[in-house]
Amino acid sequence: MENENLLKLKNAALKDIEEANSVDSLNAVRNTYLSKKSELSSLTSQIGQLPPEDRKAFGAALTEVRVAITSAIEEKMTYLKNKELEEKLEKEQIDISLPGISYEPGGRDPFYVIQDEMIEIFLGMGFEVADGPEVEKDLYNFELLNIPKDHPARDMQDTFYINDNELLRTHTSPVQARTMEAKKGAPVRIICPGKTYRRDDDDATHSHQFAQIEGLVIDKGINIGHLKATLELFAKKMFGEKREIRLRSSYFPFTEPSVEVDINCANCGGKGCNMCKGTGYIEILGAGMVHPNVLKMNGYDPEEYSGFAFGVGIDRMAVLRYGIDDIRKLYTNDVRFLKQFKKMS
Ligand code: DAH
């Protein structure tokens with residue numbers, strides 16, 4: 001076959017490539033000119049039948065034609081694919097009448113709303129926020145708070161032990177000892193919010209994990225009047241101006257005297273109702289004057305310094321404030337409860 005025919009074949013192919021106006025038709029062109037059944041392929045297989053002196057030149061001519069067709073197809077293919085993609089994008093329309101996916105904005109967890117509110121109240125009275133570890137030493141959790149190894153008060157605070165000397169703290173009170181240690185005899189006015197643990201059978205009003213805010217004030221001349229005024233202001237800010245507090249005598253090993261602090265029931269105003277179990281009062285926290293032994297053990301001279309301390313349950317405040325019927329709702333993250341709370345607040 002002469003090169004003239006090859007040239008014709010090449011030109012016909014290039015013309016078809018140029019005229020192809022879709023990816024599919026270009027694929028068909030490729031099939032016609034480059035497949036095993038194409039004229040070019042059959043010419044290639046016939047090289048062996050030519051006189052030896054012609055084979056090389058004819059082979060080179062065939063290759064030249066194949067390369068020209070292949071690269072023209074590749075170039076056109078890129079062009080057509082882009083064009084088809086652009087057309088497809090242009091055709092795609094957005095149906096603005098379709099209902100969208102609605103994402104509800106989140107809300108704050110009631111536990112943290114209350115915790116922040118409590119912290120704010122005490123910051124306003126000049127307290128600093130202190131911190132302490134949840135895995136605590138027996139020394140700080142008990143010993144330095146006047147609760148020695150054989151003290152019966154330990155029975156009420158059974159907890160999760162890591163080893164003989166370390167445990168999950170049963171209250172935030174160990175931060176009292178830690179703070180006194182750090183302040184080295186200087187005046188103290190701190191609160192410490194944090195998680196606490198006790199072995200408990202969980203139900204609507206008991207939880208093995210809960211949270212408290214500890215308070216400690218130590219200075220010269222601190223008396224029980226300071227304790228009462230501080231906690232009264234806290235109760236009014238937390239539960240309304242009309243609330244009054246009552247101090248009931250109690251016992252804690254680290255305070256003397258010790259008190260339980262109640263507020264008059266907001267629901268019945270003190271007459272007695274279901275909320276306050278007929279007593280007219282609701283217990284909100286424990287407090288007292290820092291025991292002289294505790295001052296002494298932690299580096300303060302009880303002849304010179306005195307102080308008061310208190311411990312208030314954060315979960316309990318949330319339960320009281322929002323009338324939550326099951327304390328576990330505060331940490332199970334049930335979306336239904338959180339939504340209900342968002343509507344309330
Ligand atoms: N730590 C006590 C408890 O968890 C609460 C408490 C009572 C803390 C009296 C105090 C306090 O600081 O003075 O039961």
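## Two helices side by side

Helices (H or I, at least four residues) and strands (E, at least two) are DSSP runs, numbered from the N terminus. This is a predicted model, in which local features need pLDDT of at least 70 and side-chain atom pairs count only at pLDDT 80 or more, while totals for chains, interfaces and linings use all residues. Residues are numbered from 1 along each chain as its sequence is written, and side-chain values use heavy atoms, leaving out hydrogens and water.

The crossing of α1 and α2 is right-handed, meaning that the near helix is turned clockwise from the far one by less than a right angle.

## Around the ligand

The ligand is surrounded by 15 residues, and the closest are H171, S173, R198, Q212 and E214; a residue is near if one of its heavy atoms lies within 4 Å. Strands β5 (209-219), β8 (281-290) and β9 (306-313) each give at least two residues to this shell.

Polar contacts are pairs of N or O atoms within 3.5 Å. In the side chain of E214, an N or O atom is 2.7 Å from an oxygen atom of the ligand. A polar side-chain atom of Q176 lies 3.0 Å from a ligand oxygen, and A309 brings a backbone N or O atom to 3.1 Å from one. Of the 360 Å² of accessible area that the ligand has on its own, the protein covers 92% (Shrake-Rupley method, 1.4 Å probe).

## Backbone details

Most residues other than glycine have a negative phi, and most peptide bonds are trans. K184, not a glycine, has a positive phi of about 50°. K184 sits in the loop between α7 (174-183) and β4 (188-197). E256 and P257 are joined by a cis peptide bond with omega about -5°, and P257 belongs to strand β7 (residues 255-264).

Note on methods: A polar contact is a pair of N or O atoms within 3.5 Å; within protein, one must be able to donate a hydrogen and the other to accept it, and residues adjacent in sequence count only if both atoms are side-chain atoms.
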